[in-house]
Amino acid sequence: MNKKELRKLLASDRKRYNISNTISRHELKKMYGYQYMSILRKTKFYKESGSKLRFYIYKLRLEKMEKQFGFQISYATEIGPGFYIGHFGYVIINWKVKIGKKVNVSPGVTIGQTNRGEKKGVPTIGNKVWIGTNAVIVGNIKIGNDVLIAPNSYVNFDVPSHSIVIGNPGQIYHKENATEKYIENIC
């Protein structure tokens, strides 16, 4: 990743949070998800660019924010542009997970690994996916594009595009524009 790509990623995240150039520092401090993602993306950038000093500075800042906000997302995780953490609260994402563009994650979400069985591995999440509070997504599964995963859902199976998943065990319902009005400020 080069500086131009980093700026593009950060601009995409800013747009998802609806952050204008006139926002005050006080207002920006309330946007926990954006603050965290900004530091996470910079940590990854400096790791890849070989700038050891800046990498360690940003890594320490990221670790401090993890404790402060309750987010556990590694800088090594592949996360597409426009990632949005909706609110303050625990969010745990395995470092091997791949996440597409314009994904919303709510508090209490766990996206993790299954260590045995036919679904051993981690999920791949598509584009325009909204994941509700306390949802759990585990295993070597694929979540398609335009998918809404309802709060408290347990997902350990593939989910096709244009779907809503509800419940534990999760039930799939086909719906065109499943994330309409849930995924805002599209970049």
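Isoleucine 131 touches Val103, Asn104, Val105, Ser106, Val109, Ile111, Ile125, Ile137 and Ile149, leaving aside neighbours within four places in sequence. Contact means heavy atoms within 4.5 Å. This is a predicted model: local features need pLDDT of at least 70, side-chain atom pairs count only at pLDDT 80 or more, and totals for chains, interfaces and linings use all residues. Residues are numbered from 1 along each chain as its sequence is written, and side-chain values use heavy atoms, without hydrogens and water.

**Cores**

A nonpolar core is a set of buried Ala, Val, Leu, Ile, Met, Phe, Trp, Tyr and Cys residues joined through side-chain atoms within 4.5 Å. Buried means under 20% relative accessible area (1.4 Å probe, protein chains only). The largest core has 44 residues. Ile131 is among those with the most contacts inside it, along with Tyr36, Phe83, Ile125 and Ile143. Helices (H or I, at least four residues) and strands (E, at least two) are DSSP runs, numbered from the N terminus.

H3 gives the largest share, seven residues. A second, separate core of five residues includes Trp130, Leu148, Ala178 and Ile183.

**Helix pair**

H3 and H4 pack at about 150°, axes 8 Å apart. Axes are lines fitted to C-alpha atoms over the stretch in contact, and angles run from 0 to 180 degrees between N-to-C directions. The pair is therefore roughly antiparallel (over 145 degrees). Tyr36 and Ile39 are among the H3 residues that meet H4, where the partners include Phe55 and Leu62.

Notes: Buried means under 20% relative accessible area, exposed over 50%, partly exposed in between (1.4 Å probe, protein chains only). Angles under 35 degrees count as roughly parallel, over 145 as roughly antiparallel, 65 to 115 as roughly perpendicular and the rest as oblique.
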